[in-house]
Amino acid sequence: MASIINQEIPEFKAEAFVNGEFKTITSEDVKGKWAIFMFYPADFTFVCPTELEDMAAHYEELKGLGVEVYSVSTDTHFTHKAWHDSSEAIGKVTFPMIGDPTGRITRGFNVMIEEDGLAERGTFVVDPDGKIQVAEIHAGGIGRSAKDLVRKVKAAQYVRENDGEVCPAAWEQGQETLKPSLDLVGKI
């Protein structure tokens, strides 16, 4: 399997449910800012609403970091609206919920479960150039943590803004980073 890191996101044009409206979103809309693509198997399920609700709880913080969140499933934007209107958890979601009934976007990120026509539980952090900097795929029964994703976004932004520095494991904003060099080899 080829790495998707530093690859450009696939071109797409899709309908989304956003704040009570339907809106067309394209891959061009994503460029120029940080983005998170959060793929999930299906609306009206079990783990998925807990993840979207968790992301909704961190959305303002992410927007403050200049990040837009896009949740994506192979459901339609109409189904997203129905779910939003009927679920207390999903009713908290104000970020775009992209419908991908053809699977074009899901396949473009290589997270389609072909035999089911559903998306894997995949998360991607995309930089302002439209390139993937973080890619994670979880098994269907394992929910993700938006809090940890926020930490990873901060690390990706720090590395982009501080050439030659890297963030060690579990790095939190404000902590020391590393500057790889010959003198550092074997001393960590």
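**View 1. K31, a partly exposed lysine, and its partner E8.** K31 has a relative accessible area of 31%, which makes it partly exposed. This is a predicted model. K31 forms a salt bridge with E8. The closest N and O atoms are 3.3 Å apart. K31 sits in the loop between α1 (27-30) and β3 (34-39), and E8 in the segment before β1 (13-18), so the pair ties together parts 23 residues apart in sequence. E8 is also partly exposed, at 46% relative accessibility.

**View 2. The salt bridge of E51 and R121.** The closest N and O atoms of E51 and R121 are 2.6 Å apart, and the two residues form a salt bridge. E51 belongs to helix α2 (residues 47-64) and R121 to strand β8 (residues 121-126). The pair thus links distant parts of the chain, 70 residues apart. Both E51 and R121 are buried.

**View 3. The salt bridge of E53 and K92.** The side chains of E53 and K92 meet at 2.5 Å, N to O. E53 is partly exposed, at 28% relative accessibility. K92 is partly exposed as well, with a relative accessible area of 44%.

**View 4. A network of E136, D148, R151 and K152.** Salt bridges that share partners join E136, D148, R151 and K152 into one network. The count for the model comes to 14 salt bridges.

Definitions and conventions. Residues numbered from 1 in each chain as written. Predicted model: local features only at pLDDT ≥ 70, side-chain atom pairs only at ≥ 80, totals over all residues. Heavy atoms only, no water. Salt bridge = Lys/Arg side-chain N within 4 Å of Asp/Glu carboxyl O. Helix = DSSP H or I, 4+ residues; strand = E, 2+ residues; numbered from the N terminus. Buried < 20%, exposed > 50% of the residue type's maximum accessible area, 1.4 Å probe, protein only.
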